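Student: I have a structure to go through with you. Could we take it part by part?

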Amino acid sequence: MKKYFLICFLSFFSSFVSARWANESEAILRYDLWRSNLQVKKDGSYTKEVVFKVKILKESAIDSFINFLLTYNEQSQTVKILSAKTVTKGKTFVVDSKFIEDKPLASAPSGFDQIRQILIAFPRVEVGSDIYMHYKYDYKIAPYEDFFSYSQIFSNNWFKKIEIDIGSDLPLHYKLNDPQKFFKVYYNSHSGKYKLKLRSKRPLFKKIVDEEFAFFDNNIFPFIEIATNKKWSSMVKALVPEYENKISEPLPELYKNIVRSAKRYKTGSEKQINFIISSLIDKIRYMRDWRSINGGYIPRSLLEIVKTGFGDCKDMSISLSAILRQLGFKAQVALVYRDYSRHSSDDYSLPNQSAFNHAIVHAKINNKTFWLDPTNSSVYSRGIFPDIANRKTLILSQPNSEMLRTPKLHSSNSELKMIQNFNLTKNNFLKVTGDIHFKGRQAIAYTGALLNKSKKALDYNFINFTGIDISTLKEWTIGSYNLKSRIVKDFSINFSYLAKSNNSFSGYKSQLGSIFFFPYPYGINYFSVRTINRISDLFLGQKRKIVFISKLKNIKPVGNVNLNCKIKSKWFDSARLVESVEPLIIKDIYNFKETKVSIKDIKSNEFLNLQSKLKNCFMHFAMIYKKTKD
């Protein structure tokens, strides 16, 4: 299809800009000094004092300091600005107190903390200016009791000098990733006091530019992890009883009704779980962020959740766990990092409070295990949502919490199949009818879609699936469908359209005749990246299978062209098969077996061969045709 073909076609010829490490002349600012001093108490609370001096090198950096922003949690933190000034052309301009504004970000919902922001407007900032800043955070309440963690990755900014000092009443454990030896670590303990110092030995500027479909392995950057305990279970030791107490509270009447109604289904069946989750999300609205209470990671009571009618991921997860336990499930809250494109190098080696941003439910019954996320608008109990798949998760259980990994995805559980019947009319319009089938995870995005969108909006979305340039259509229709249920189910839609003579598939000419472009998915464009000087891994998206069947009723190839093609690799398989000659029926199969290609594999002959075959078989292929009689 032209829409996809041109995107992919151009990428092979427009990607001559090679990936590379940026040089210092490309930096927009430079940290002449970054100094951070942290003092940790036995309960895990701490203070952090930061001093930095920044040189403005490009105009694009100016706005960051005309509106310099700090945020903090009013319930658990205080912030004090100790010094802020600009030095421009030898003259010092101290920030006036009236240009330091401390205000709430928004009104806090019932039971949630108040987040505030400090906005600082530095005066007389221009290229060449030096910005001086000195401020102090006081973390009065530790997110995890008797535990402290710290991590810092040194990427994208130019640092001339870095100094980090940590003094602690708790033992300190650390991991330094520094293959190019930018840093020196000093660690000692005396009389129950522990001190760690990190010092840069030379300037550091690690930034990747001109990288296509970048998927960063953090190990290519220097970083440090610090924690006061090596065991993940110790990090949440004080947290688990809080969750257990909330889950064990008497069920509010709303939740009792869900339990009573769920008993009409077979215990532990997908139907029962689907009913429970859909009932819960019908009654309790999910707040789309990870909210803390009193500076910690503790959910509200079941009664408060029901009373307000909303909750964050922790609230939703304890609610689901409480209901499931009443039905005989072993259900516990699990902490996980929610993200569609999380790299394996993002997993912390040491316990860290930043390792998780989401709470889900780990449930077992009848030798079956379920990973349930009640915060989505759809219910998918027979599988796992892609944004929490294949990553470390901490099960909050007594006496010791357990670190597990959520299940991997497989392309066999996610299939999109599109059948298009092409027919050239007498006036050279292109008439097309067809069907699109969404199976497994491919159906997730549209489950319950009519609860939030109009059918007309969805119709436009579905017609775009065909790849036709909608501006060339004379008319088009999408058949009826029912997408009001929250439960993920396979579904199909049918479509038809009449395209003008300048359409995306057959509206191009050559000196040998008319040209037909076969449709193919945009995802194979990812393989077109330049391999020379590339630095990062390549992100391919979620594992999935795509099948396109093109039936050309009165379109015949010119010449004896072999259209069959087959490609196999460890990341991606594809095949083009001629299923019939008259009429011409082409079946294309694309199987994305991995979510990434490592930089090591990108440099391999196997990957280069894959690129070459994809160009010849699909991306640089067009069929010259002639019209036959109907």
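Student: How do strand 4 and strand 8 pair, and over how many bridges?
Tutor: Strand 4 and strand 8 (residues 115-120) pair in the antiparallel sense over six bridges. Strands here are DSSP runs of E of at least two residues and helices are runs of H or I of at least four, numbered from the N terminus; two strands pair if DSSP finds at least two bridges between them. This is a predicted model, in which local features need pLDDT of at least 70 and side-chain atom pairs count only at pLDDT 80 or more, while totals for chains, interfaces and linings use all residues. Residues are numbered from 1 along each chain as its sequence is written, and side-chain values use heavy atoms, with hydrogens and water left out.

Student: Which residue is the bridge partner of Leu 70 in strand 8?
Tutor: The partner of Leu 70 is Ile 118.

Student: And what is the strand order of that open sheet?
Tutor: The three strands run in the order 4-8-7, with antiparallel pairing. Strand 4 (68-73) and strand 7 (100-104) each have a single partner strand, so one side of each is left without a neighbour in the sheet. From one strand to the next, the twist averages 20°; axes are lines fitted to C-alpha atoms, for helices over the stretch in contact, and angles run from 0 to 180 degrees between N-to-C directions.

Student: Turning to the open sheet of five strands, what is its order?
Tutor: Its order is 24-23-22-25-26, again with antiparallel pairing. Strand 24 and strand 26 (402-405) are the edge strands, each pairing on one side only. The twist there averages 30° from one strand to the next.

Student: What packs on that sheet?
Tutor: Helix 8 does, touching strand 22 (330-336), strand 23 and strand 24, and its direction makes about 15° with that of strand 23. Strand 23 (residues 358-365) and strand 24 are joined by five bridges in the antiparallel sense, and His 362 has Trp 371 in strand 24 as its bridge partner.

Student: Why is helix 6 described as largely enclosed?
Tutor: Of its 14 residues, 10 are buried, so helix 6 is largely enclosed by the rest of the structure. Buried means under 20% relative accessible area, exposed over 50%, and partly exposed in between (1.4 Å probe, protein chains only). The cover over these buried residues includes helix 5 (253-262), strand 20 (285-286), helix 8 (313-326) and strand 24 (368-372).

Student: How many disulfides does the structure hold?
Tutor: It holds one, between Cys 565 and Cys 617, whose sulfur atoms are 1.7 Å apart; the cut-off for a disulfide is a pair of cysteine sulfur atoms within 2.5 Å. Cys 565 lies in strand 36 (residues 565-567) and Cys 617 in helix 11, so the pair ties together parts that are 52 residues apart in sequence. The torsion about the S-S bond is about 50°, so the disulfide is right-handed.

Student: Are those two cysteines buried or exposed?
Tutor: Both Cys 565 and Cys 617 are buried.

Student: Which residues touch the most other members of the largest nonpolar core?
Tutor: Phe 462, Tyr 497, Phe 527 and Met 623 do, in a core of 71 residues. Helix 11 (residues 605-619) gives the most to this core, with six residues. A nonpolar core is a set of buried Ala, Val, Leu, Ile, Met, Phe, Trp, Tyr and Cys residues joined through side-chain atoms within 4.5 Å.

Definitions and conventions
Contact = heavy atoms within 4.5 Å.
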